[in-house]
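This briefing describes selected features of the structure shown below. Please keep the sequence and the structure in view while reading.

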Amino acid sequence: MSGDLLRIEKLDKTFDRKGKASVEALRGIDLTIGEGEFVSIVGASGSGKSTLLRIIDGLLLPTAGSVHLDGKAVTRPGTDRAMVFQQDSLLPWKTVIENVAYGLTLAGADWSAAEPVAQRFIDLTGLRGFESNYPHQLSGGMRQRVNVARALAVNPRILLLDEPFASLDAQTREIMQTELLTIWQESRKTVLLITHQIDEAVFLSDTVVVFSARPGTVRSVIPVPIARPRALDVKRQPAFLKIVDQIWNMIEAEVRASMKFNT
Amino acid sequence: MRDIYEFFEQDSKAAAGARISLSVLCVLLLWQFVSVFISNRLLLVPPADVARALLVEIQRGAMWANAVATVTAVGTSFVASVLLGIAIGLALASSRVLSLTGGPVLSALNSVPIIALAPLFIAWLGLGFASKFVLVLMVAVFPVVVTTEAGLRAADKQLIEAARSFNATPMQIFTTVTFPYALPFIVSGIRVAWARALVGIVVAEFFGSFAGFGFAILSASQTFDTARVLGYVIVLGVMGLFGSILFETIERRLAPWRQE
């Protein structure tokens, strides 16, 4: 845990829409993430969490402010960051191993070089035996493992997770959370997770960042001083529940407001 | 009985073969049945007479000569239609301005019965290969253009974003996401194009040619040789069927995830 890996300073993002009022998604975001840290951002829908993640990944440019990874300004996608998307973003015509190797082959690696790397992350994510299956033959949980393996395979400095378990059922989600922790502990990656599940954020993270909605601002940064390694029974401990409660109280009003906004 | 029914429902090759055989058999039986009541042999001849006429054509060597003329003309112009169609579709999908400007013209051309212009093409290009080639091209190119453009535009935004996230170049996004996604669409366009090309070639040969299935059908009907007319129509039908089965198989192979 040496120093800051990701530094976001005074970041604003406003979307200009043709013929309509522009939308201010993010305002004055300041955030730093240390090497090896697991940080989550929670907030009501419409708080610009996903927008921030896309800016860090380089898919979107901020209107003002900056993102620095390891001292270098981020202006475009790169293999020092890798994203795991909420929706299924696997190539349906490629096998599991080809999908896991996708980032490597895009970066110009030969199959002979990419394959052993892909195989290593297939093993790490518990996909051994499914190498030559196609995504449509896998369950939702297995597909998200492939997404995680694909992101890890390019050996990024930071892993960006955009509500990766949102489309999974509750039981699968819990299993995937513990597996993500195991993977994180083995790979020692820095992770930034976006989620709307408060208990998921607290369970996984060293630090939970609470966003306010419309425009998204950093409302609070809450450390999670629960010992690691954590197993699922952590979720029943009073210390855990207290932090979840604290965060829920912060965003309850905004979640209610956003429900009205969306309907 | 129930076993037979279940066998016919299966997804196997044997079952598919059995289904085709059964439907052909039903058509032949119906045909035979109707031709018992319609005894005017100028209007309808029974299947056996048609088979005999086809055999005679093969023995005379006429079948071979006509097949060579038709297949070379339709084959070359079909391949050209596919290549040109994909090229135009690519151009339209890559430029919004081009698509909006050229789109209406293309859909107007597509809705005009180009077949009706066959006499004009022959007047312009003469009797022979060139007029056949252009007529088939004109009717067969549009389905490929339309499906290529639609397929390229249909590519999953999520997949494109994921590719961009891995720092893919626009060319890499095209080769690894957009084009593979569009391929099954394109093949379905090619399947339609093949059926249209067969209609195109027959009409082209009606109007101006000295060989080919269309020419043979026209000359047989002018001598009221109904058996020969039906025989050549059946040959064309078989060509259409084989093309359709082939392209459907390719379509399924390219997009197995769509079936489940």
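**Contacts and overall form of chain B**

Among contacts in chain B between residues at least 6 apart in sequence, 74% join residues at least 24 apart; two residues are in contact if their C-beta atoms, placed from the backbone, lie within 7 Å. This is a predicted model, in which local features need pLDDT of at least 70, side-chain atom pairs count only at pLDDT 80 or more, and totals for chains, interfaces and linings use all residues. Residues are numbered from 1 along each chain as its sequence is written, while chains are lettered from A and ligands numbered from 1 in the order in which they are written.

- Chain B has eleven helices and zero strands; helices (H or I, at least four residues) and strands (E, at least two) are DSSP runs, numbered from the N terminus.
- Of the 260 residues of chain B, 37% are buried, a term for residues with 20 or more other C-beta atoms within 10 Å of their own, C-beta atoms being placed from the backbone.
- The C-alpha atoms of chain B fill a box of roughly 70 × 60 × 30 Å along the principal axes.

**The open sheet of chain A**

- Four strands of chain A form an open sheet in the order β2-β1-β4-β5, with antiparallel pairing; two strands pair if DSSP finds at least two bridges between them.
- Its edge strands, β2 (23-34) and β5 (72-73) of chain A, each pair on one side only.
- Two bridges link β4 (residues 64-69) of chain A to β5(A) in the antiparallel sense, and A:Leu69 has A:Lys72 as its bridge partner in β5(A).

- β6(A) runs parallel to β7 (residues 158-162) of chain A, joined by four bridges, and A:Met83 stands opposite A:Leu160 in β7(A).

Note on methods. A residue is buried if 20 or more other C-beta atoms lie within 10 Å of its own, exposed if 12 or fewer, and partly exposed in between; C-beta atoms are placed from the backbone.
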